[in-house]
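Please read them with the structure open.

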Amino acid sequence: QEEECPQFLNPDPPIIPMEYRTTVYFEGRHLDYYQGKKFAVGNSQFEFEAPVDESDEGNFSFMTKEFSYSANETLQLNLSIRTDKVKIDSKLMVTLYNCSYGRSDCSLCLAAPHDYKCVWCEEEGKPSKCVYEKLCHAPPTNTCPPPEITRIEPKTGPLSGGILLTILGSNLGIKAEDVENIMVADKECIFKEEFYSVSTRIVCQVGPMNEPQQGQIEVNISGKLGKSPSEVLFTYQEPHPSRIRPESGPQAGGTTLTITGINLATGSKKDVQVSVGSQPCIVTEFGDKIVCITGANNKVESVPVTMNYGGTTITVPQLFTYSENPTVTKFLPVNSFSSGGRNITVTGTGFELIQSFLLVVYAERPEAGKMNQKRFSGKLVTRLNETTVVFSTPPILEDPENYNITTVILMDHYELVVKNESHSFAYVADPTFENFTDGIKKQVNKLINAKGSNLNKAMTIDEAQAFVGDEPCNIKTLTETDLYCEPPEVQPQPKKRQKRDTINNLPEFIVKFGLREWILGRVEYDTRVTDIPLNLILPLVLIPMIAIIGISIICYRRKSQQAEREYEKIKSQLEGLEESVRDRCKKEFTDLMIEMEDQTNDINEAGIPVLDYKTYTDRVFFLPSKDGEKDVMITGKLDIPEARRQTVEQALYQFSNLLNSKSFLINFIHTLENQREFSARAKVYFASLLTVALHGKLEYYTDIMRTLFLELMEQYVVAKNPKLMLRRSETVVERMLSNWMSICLYQYLKDNAGEPLYKLFKAIKHQVEKGPVDAVLKKAKYTLNDTGLLGDDVEYTQLTVNVYVQDGGNDSIPVKVLNCDTISQVKEKIIDQVYRNLPCSQWPKADSVVLEWRPGSTAQILSDLDLTSQRDGRWKRINTLMHYNVRDGATLILSKMGISQQPEDNQQDVPGERHALLEDENKVWHLVRPVDEMDEGKSKRGSVKEKERTKAITEIYLTRLLSVKGTLQQFVDDFFHSVLNSNHVVPPAVKYFFDFLDEQAEKHDIKDEDTIHIWKTNSLPLRFWVNILKNPHFIFDVHVHEVVDASLSVIAQTFMDACTRTEHKLSRDSPSNKLLYAKEISNYKKMVEDYYKGIRQMVPVSDQDMNTHLAEISRAHTDSLNTLVALHQLYQYTNKYYDEIINALEEDPAAQKMQLAFRLQQIAAALENKVTDL
């Protein structure tokens, strides 16, 4: 235990003076072990060691030496106790102190702590000083000499006084109470105790004076007077400011204001305050002229400039004008290489107000944020006139593409970002040049060619410089990959610095872009031409000329060969185009596969969002109806009074029994189909109602469908046009077949074909959203549909924004968006990412959420249209992220909209603004402005040539279709394989129905394979698969955007073309989407043929097996369907054609036998609450 260890403590005295031997007493504890032993005390720093005396048990003492140390006032002295050279304890500590340190006068000496026993010693023949009392051999002094004043700060003050005066000297008192009185130029100065420093400093506040005056300072310290010497005087004077320069500056402040006048250096810098209007002007220089920096002012106005000295306020006899802040209206060029040195001409307003300009570039990594922001300043600035300034861009980082770059003009203290409505000033990576082969370039045809990449990305011919040795090389051409320049006529000398290191004295070729130089090698002039004698030149020229004439004649005779060569040339160009498209496809496909791997992970995590059976059938059967989602069959709401509900339901069950009578149902269908007003739309809807009503007995439904089918086939065979059968859905039975296929293939869709179809949909969606999509025109840069192609080059950048969801945890979710996306498009992409593990039906709608941007401490709500929207006449542009200047890595907050909120609440519309928005609702545009009526009028008057040129320009962009097609090809192929492969699972319904068609063809002696092929195609691929392919939302819980739908339509059309046996003759006038898949169609046609052949060779599905399969579907799903609603809706047709149906039933012997007409009348009476006359 530490408390039981040997220890020494409680030294007395704890403090000992320097230069004096002192006896120190201390105690010892737990020393039983060392009984009878002698101790010694020591300190290594001062090489001190002394014996320890023991007076009685536990009490010790030792004598110190005369310690000498002048670096500090006090010093801790650690003492260690030893016995026989064994250290026992080293925790004993005393403090050495030095009376002389920092006490140069009597007052400071007498103010020392009482324990120190310091005295002011005045020995004869020695200088007076502060020492320990026992070191002074003369009587100590109790009183100090009179005070001395050596200097004052400041030396001047205003007549009103009120400023603080600092008096410096010695013997100015031992404590504040010693200061009795202070006089400055015979005027009392009020002592400020809080600033007093013993003996050396007194601070007082000078009083007012009636007139300018100069005088000495006098202090009374404990009755002793001290006066300042004659050269230390204080002057009362009156400042007189006369003018300011400049007389105006920007509202943002930062103007360096210079005030001139007389006696401005009154008091000190801290005593003068300058105000420009109500805003303080921070004083930076104090002297004969006062310089200060203006603060910001919230309005444009002329304001007085006031100066405050102590309590005196003086107004400068000149106003300062706050003017509008400068603006940038134009800047050219719009980018710079990262090595800088490019001259940027900035045009704007208010530049004349600015005293100093500086171009500053901030670079920050998206993930690091403002903490690791780097700053680069451009020094060179040239002011051309009041509206134009030229800046030289500073060099920045080598890889600007990895940073968020913001370029700012610092005008005095006002920062203005260099940007306009469409883009900001940008930095791009430096170009790369290829060095000359073997280091030497032969100058040929009076041109030198330098090769590289990105040469013209941020450079023009006029700015670029090239040199051969010391002399310039005149640049003629500058492209992305080539620079051509015309060298001097005569080979120049190498530069002086090169002469030691030259190859055959050849000059170096140097390219200079801005601040950076590239030395690509040396240039050797071709001098061979001048060596050729004239008698050789003539034959050399004449012989080739004769040869050319001869070749021309031969070529003229062989025009066909020339045409062949032309064809080969075009073919080679097309192959080149195809190669470039293939490369682009490969890159796009790789990107897409990486993205789709993430999608696949999401699919594995959340599963494919296949709709439940009821929603699926509702959408397939009733979504295309005129009421859409509000259709009574989807809502399932029966409009029946509660009092009659039981009666009606009972009657509907009776009606269901009636429908289960084959005689009644066949008569019912025939009667309706014979009515002229029973339209094709009504037949489709009726068939769907019938499907739901009979879903509990799908075997019976299939039997009815077969019966009606045989009748239909009979009609077409008799009419000798069997190929037309099943071409459309113009009869009830054709629609019944569509619904039957939909029912039977649901499980197959869910288990087999669903995944490739869903992946195809997601791949198209991702590819479309990767590029710009015009929210108004519904056109996209990446699409398969030429009519939906965005035929303009739109500048855009991909951004990754960090989204926080209100009430959605503390983690942000990174979402990829484009800076040209509208706010609604951004919301949709965010919702898509944030809620990707939920079904689409549970997602919030884009117009029900609010998107908030937090650029810093402020917050801004983003919306498609608001008061900041760009307007041009009647046109208004939809806001994008670029409009709000949202950058990569920005923070966005997604929150649900409150009940009271409206989508445009944040706009604070002025009266009439909302009305104007509504009035011009059709006059908004996003990426491409549609042609206005006036513009249309002009274009009608334009030349045919111009129209052709416009068409040609649009057709250039058609290569994008090829690119998208190549990227998506794998997904299209996967889907086609999944539905057209008989080696995989084939749904029993498909085999059953195809066998039925083969039987009927044989029965009617139809040997034409084309007819049977058409029947099968019209019953399955075109009737079911095309419908699902065009409408993925029928089977999946997804939202299909119009631009995605446009691409799906092209694939659906390709699927349809693959299923026909007709050969398509393609020409230049064929639609682009037909040409797009022309190459693949033949492969797909073969797949269809093989699929039909494979199904024919499969083991037949018996009626019993089919009925068992149908009974399972009925049992599994009927309870979930709105059967009662379907019966009620079917009855409406009975009601509408009541008399005709009754007549048909009464004329049919089988129906008469079963009293079907009577049963119908009873049901009608119950349903319509009327007394029957039967």
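1. The model is predicted: local features need pLDDT of at least 70, side-chain atom pairs count only at pLDDT 80 or more, and totals for chains, interfaces and linings use all residues. Residues are numbered from 1 along each chain as its sequence is written, and side-chain values use heavy atoms, with hydrogens and water left out.

2. Four strands make an open sheet, ordered β1-β3-β7-β6, with antiparallel pairing. Strands here are DSSP runs of E with at least two residues, helices are runs of H or I with at least four, and both are numbered from the N terminus; two strands pair if DSSP finds at least two bridges between them. The edge strands are β1 (7–12) and β6 (53–56); each has a single partner, so one side of each has no neighbour in the sheet. β1 pairs with β3 (residues 23–29) over four bridges, in the antiparallel sense. Gln7 has Arg29 of β3 as its bridge partner.

3. Seven disulfides are found in a search of the whole structure, a disulfide being a pair of cysteine sulfur atoms within 2.5 Å. One of them joins Cys109 to Cys130, with the sulfur atoms 1.9 Å apart. Cys109 lies in helix α1 (residues 106–110) and Cys130 in strand β11 (residues 129–132), 21 residues apart. This link is right-handed, with 75 degrees about the S-S bond. Cys109 counts as buried at 1% relative accessibility, where buried means under 20% relative accessible area, exposed over 50% and partly exposed in between (1.4 Å probe, protein chains only).

4. Cys473 and Cys485 also form a disulfide, at 2.0 Å between sulfur atoms. Cys473 sits in the loop between β44 (471–472) and β45 (474–478), while Cys485 is in strand β46 (residues 482–486), 12 residues away. Cys473 is buried at 4% relative accessibility, as is Cys485 at 0%.

5. How many of the 10 residues of helix α5 are buried? Nine are, so α5 (residues 613–622) is largely enclosed by the rest of the structure. Among the buried ones are Lys614, Asp618 and Arg619. The buried residues pack against several helices, including α9 (680–693), α12 (746–770) and α24 (1103–1117), contact meaning heavy atoms within 4.5 Å. At the start of α5, a side-chain oxygen of Asp612 comes to within 3.2 Å of the backbone nitrogen of Lys614.

Technical notes:
A polar contact is a pair of N or O atoms within 3.5 Å; within protein, one must be able to donate a hydrogen and the other to accept it, and residues adjacent in sequence count only if both atoms are side-chain atoms.
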